[in-house]
Amino acid sequence: MTSIVFRLRTTLTSIAYGVASRTIRVPLLHLCQQRPVTIAIPKIASATSRRFLASSSSPESLSRTLHLGLLSLNKRISHLIRNGRISEAREVFDTMKNRNIVTWNSMMSGYVKRREMVKARKLFDEMPERDVVSWNLMISGYMSYQGSKAIEEGRELFDEMPERDCVSWNTMISGYAKNGRMSQALELFHSMPERNVVSWNAIISGFLQNGDVFNAVDLFEKMPEHDAASLSVLVSGLIQNGKLDEAARILREWGNRDGLGEELVHAYNRLIAGYGQRGRIIEARRLFDEMPFYNDKGIEGHKRFERNVVTWNSMIMCYLKARYIFIARELFDQMTERDTFSWNTMITGYVHMLDMEEASILFRQMPDPDTLTWNAMISGYAEIGSLQLAQEFFERTPQKNLVSWNSIIAGYEKNEHYNESIKLFTQMQRGGEKHDRHTLSSVLSTSTGLVDLHLGRQVHQLVIKTFIADAPVNNSLITMYSRCGAIKDARIVFDEMKRRKDVISWNAMIGGYASHGVALEALELFELMKKLNVQPTHITFIAVLNACAHAGFVEEGRMHFQSMISEFGIRPQVEHYASLVDIIGRQGQLEEAMDLINSMPFKPNTAVWGAFLGACRVHNNVQLAQHAAEALMRLEPESSAPYVLLYNMYADLGQWDNAAKIRLVMEENNIIKERGYSRIDSL
């Protein structure tokens, strides 16, 4: 009898049911007459495979089974792509014998999202058939790029499309707008056979992105209909362009007219935050007060817009930014509903004001503090020097993160508890917590404070292994090496920064040279700094003047002091005067130094009088030294330094009666000599 041979080689039989591919012979007569077909199942087949073959005996059943298998594989590809496993998705795609248009679009979409347009285009060109989604995927991929070549590729595909929908047009308009090609975007917009609200929003958003507020507002007012996104797009764009008052006008005029209801609150919230960022608290509060804070049902039963928790949080943040913490607290206390952000905003506000007592009260009242809350408390207590409390909060933090460790390590470093800072860093490393640039910056500062070159070098190695050092980290390295006496290493770091230097880098290196008495290198670097048009700061000139003082460059010191004022417009501070007094006084020009002190626009401090007293000591001018010492005694009545210096001067000149008077004054004023002054040991 004639037979038809069905060879089943699909994954549905051989993979899903574990049955080897086999041949089944069916009499042709039975198929033609549509009689029941009896298929002999080999005895080696399992019960499962027998059931499967029996159920697949009809073409309809087999087609349905194949469809379900294809659907399952398509879902598998989509799942892998969503989870970033694009290579595995492609493996599934390549093994599929049958694909439909959804399969191709899914795979292509994965490449487009990863901006792998070459691979996406190859698939697009190989597709046996395409739908409008296929074309739109490719166009969106090209138009999302910055660059004329990709945009032209997108336009070519758009022009070749056999049939376009609104998505096609809107994608092109958005792409042109993002790339600043508003004339082409507007041309397409006017050419559209039918525009929807998304089309209008896209072109308005484009004008706003390119700073054209006038055309954006004009188009918005011409829109035949608006949705919640329309108002939100316009308000956000106006805020970004600094047109807050125009945004407020639009809100008041169009919000109620379009009946957007509660969706309107999002636009109000953005504008409140926008006013707050610019310090315009009165306008922000006016908007806040315009919004109702009760549930109010309209005639049609739709809820009107009202303040939500974001509104309250935004207004509180406005006040905190302006440091109006008491008004912020009043609003916080009026809130009927608070979220974690509300609590953290208020607690952080108190922490920034260093009012840890109020911060602690709120912390205890907070229903469920999160890690951000704990970290704020750690940072706040460390900032005010309450390291024991900071440590307690750190230890009690349920889920420590990197910020927790950085806060406590930085706290100990800033309060000069360097050994504790290092211990915590070691504990952090042993616990497996990864450090970042903030961690290593703190440890570098600790190395500087300890003047521990060995530790500093170890931290430098960690920096090299962990990340590419930015300017702040490199600046910390320069300071560390300079303080530890490794000035050559500091210069290597400085030179390796190349164009990534900032003014702090220059100040650190010039200051490092100055502190080590390497005046010529400091001044040469300062000249190079000016040639490269790096604007010096008042700190730069402190370092330059100190370098002149160490080298005895009197005329150079005077010149740099004057250029600071006349050339760079920097008003001299007391530190600059102290350096200049030191420069002039060291050369024995004490009368000129005294005149400089008397001409200062503010009262001289201990640094000024200390520099002058030191110069008097070098040049044995007892009369001026006594004047300087008396000034220091008034400023620091408990310090023994001026007494000791004056005593030593009298002793050197053999004026023992005057020396004895100094000793008597010290005893009467209960001045205890400071360690390190060996000349006074005979007192």
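**Entry 1, ground rules.** I am working with a predicted model, in which local features need pLDDT of at least 70 and side-chain atom pairs count only at pLDDT 80 or more, while totals for chains, interfaces and linings use all residues. Residues are numbered from 1 along each chain as its sequence is written, and side-chain values use heavy atoms, with hydrogens and water left out.

I searched the whole structure for aromatic pairs and noted 18; rings of Phe, Tyr and Trp (its six-membered ring) pair if their centres lie within 6.5 Å, and planes under 30 degrees apart count as stacked, over 60 as edge-to-face and the rest as tilted. One of these is Phe189 with Trp200, an edge-to-face pair with 5.0 Å from centre to centre and 85° between the planes. Because Phe189 belongs to helix H11 (residues 182-191) and Trp200 to helix H12 (residues 197-209), the pair ties together parts that are 11 residues apart in sequence; helices are DSSP runs of H or I with at least four residues, strands are runs of E with at least two, and both are numbered from the N terminus. I also noted that Phe189 and Trp200 are both buried, a word that means under 20% relative accessible area, with exposed over 50% and partly exposed in between (1.4 Å probe, protein chains only). Over the face of Phe189 I found Arg195, at 4.5 Å from the ring centre; a charge sits over a ring if NZ of Lys or CZ of Arg is within 6 Å of the ring centre and within 35 degrees of the ring normal.

I looked up Phe363 and Trp374, whose ring centres are 4.8 Å apart with planes at 80°, so the pair is edge-to-face. Phe363 is in helix H21 (residues 356-365) and Trp374 in helix H22 (residues 371-383), 11 residues apart, and the pair links distant parts of the chain. Phe363 is buried at a relative accessible area of 7%, and Trp374 is buried at 9%. Phe363, Trp374, Tyr381 and Phe393 make up one aromatic cluster, and the charged end of Arg396 sits over the ring of Phe393, 5.1 Å from its centre.

I then turned to Leu208 in helix H12, which is buried with a relative accessible area of 5%. Leaving aside neighbours within four places in sequence, Leu208 is in contact (heavy atoms within 4.5 Å) with residues including Val213, Val233 and Leu238.
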